[in-house]
Amino acid sequence: MRVLVLGGTSEANKLAHLLAEASGISATMSFAGRTKAILAPPISCRIGGFGGVEGLIDYLKAENIDVLVDATHPFAEQISRHAEIAAKRAKILLAVLSRPAWVRTVQDLWIDAADKTDAALALGHEPRRVFLTIGRLQIEAFAKAPQHFYLVRTIEPLALPPRLPNYRVIHGRGPFVVEAEEKLLREESIDVVVTKNSGGEAAFAKILAARNLRIPVIMVARPGEAMQAAMHDPGEVMDCILRHQLARRGV
Ligand code: NAP
């Protein structure tokens, strides 16, 4: 049986390890190719877009894919939409693997934002020192709030300098440690953190650090409805794939 995993997340990599050990399954991991330093999975991989939904359908058919797993990041909206349409049209099983969102506790000072534009507005008029950990493609939205200082953290260097008058870029890839995050927030005199509600453990340390230091967090909500039927555990997805394999064999 052939499985295509749309990846780019640690959950996808965990699933790849399970798939690599399963018998009778040939699995491929697909990366968008955004980051140069890919964590090589233990299954075959391909890199680059498919050329829209039609391209994805063509790929599924050409490669005789039986199961499509959408294990992309919760904020990767477009590819998830394409996966849903393509699986339906190619009449194959779609399994969605997505980490659960972070949940606010009474100790948190979260300000909800619907999207990046809303987050930029939520910073207010008064100049503030902002820790911006929202992903390099989203930084542009903050050009509309130039009165603030931005400490921008990205995984890889930015291709172009951001259109912000007052910023500094640092690089880092999770998992982050809460003590180090607290030190960073203190040393940079950060007033507010801006983040997407990505969920997962690797980036959670900044949420804990902000909680401990009583620093507000502007939390950008996940896009829409797509994750409703998602499974959160790679093992659960693996079970679903194995059940499908048995059903196909008529067992
Ligand atoms: P996106 O906006 O949903 O997708 C844009 C286009 O990139 C898609 O239409 C598709 O191109 C291509 N693409 C995306 N994921 C792909 C994959 N796994 N394999 C092949 N092509 C893919 O996605 P994004 O937000 O730019 O994220 C890109 C990748 O980075 C995703 O795989 C995601 O898991 C990972 N990632 C995203 C975030 C985030 O915050 N968005 C964070 C961490 C990791 P075609 O239309 O040409 O097929």
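This is a predicted model: local features need pLDDT of at least 70, side-chain atom pairs count only at pLDDT 80 or more; totals for chains, interfaces and linings use all residues.
**Exercise 1. In what sense do strand β1 and strand β2 pair, and over how many bridges?**

Residues are numbered from 1 along each chain as its sequence is written, and side-chain values use heavy atoms, with hydrogens and water left out.

Step 1. Find the strands: β1 covers residues 2–6 and β2 covers residues 26–31. Helices (H or I, at least four residues) and strands (E, at least two) are DSSP runs, numbered from the N terminus.

Step 2. Look at the pairing, which needs at least two bridges found by DSSP. β1 and β2 pair in the parallel sense, over five bridges. Leu-4 sits opposite Thr-28 in β2.

Step 3. Zoom out to the open sheet, where five strands run in the order β3-β2-β1-β4-β5 with parallel pairing. At the edges you'll find β3 (44–47) and β5 (93–96), each pairing on one side only.

**Exercise 2. Work out how α2 and α3 pack together.**

Step 1. Locate helix α2 at residues 52–62 and helix α3 at residues 77–90.

Step 2. Check the geometry: their axes are 9 Å apart, at an angle of about 45 degrees. Axes here are lines fitted to C-alpha atoms, for helices over the stretch in contact, and angles run from 0 to 180 degrees between N-to-C directions.

Step 3. Name the arrangement. α2 and α3 are therefore oblique to each other; angles under 35 degrees count as roughly parallel, over 145 as roughly antiparallel, 65 to 115 as roughly perpendicular and the rest as oblique.

Step 4. List who touches whom, with contact meaning heavy atoms within 4.5 Å. Among the α2 residues that meet α3 are Val-53, Leu-56 and Leu-60, and the α3 side includes His-82, Ile-85 and Arg-89.

Step 5. α3 lies across β1, β4 and β5, running at about 160 degrees to β4.

**Exercise 3. Describe the six-stranded sheet and a helix that lies on it.**

Step 1. Read off the order: β6-β11-β10-β7-β8-β9, an open sheet with parallel pairing.

Step 2. Spot the edges. β6 and β9 (167–171) each have a single partner strand, so one side of each has no neighbour in the sheet.

Step 3. Pick a pair of strands: β7 (residues 129–133) and β8 (residues 149–154) pair in the parallel sense over four bridges. Here Leu-132 stands opposite Val-152 in β8.

Step 4. Bring in α6: the axes of α5 and α6 come within 8 Å and cross at roughly 60 degrees. That makes α5 oblique to α6.

**Exercise 4. Which parts does the pair of Trp-102 and Phe-204 tie together?**

Step 1. Classify the pair: Trp-102 and Phe-204 are tilted, with 5.8 Å centre to centre and 45 degrees between the planes. Rings of Phe, Tyr and Trp (its six-membered ring) pair if their centres lie within 6.5 Å; planes under 30 degrees apart count as stacked, over 60 as edge-to-face and the rest as tilted.

Step 2. Trp-102 lies in the loop between β5 and β6 (110–113) and Phe-204 in the loop between β10 (192–196) and α6 (205–213), so the pair ties together parts 102 residues apart in sequence.
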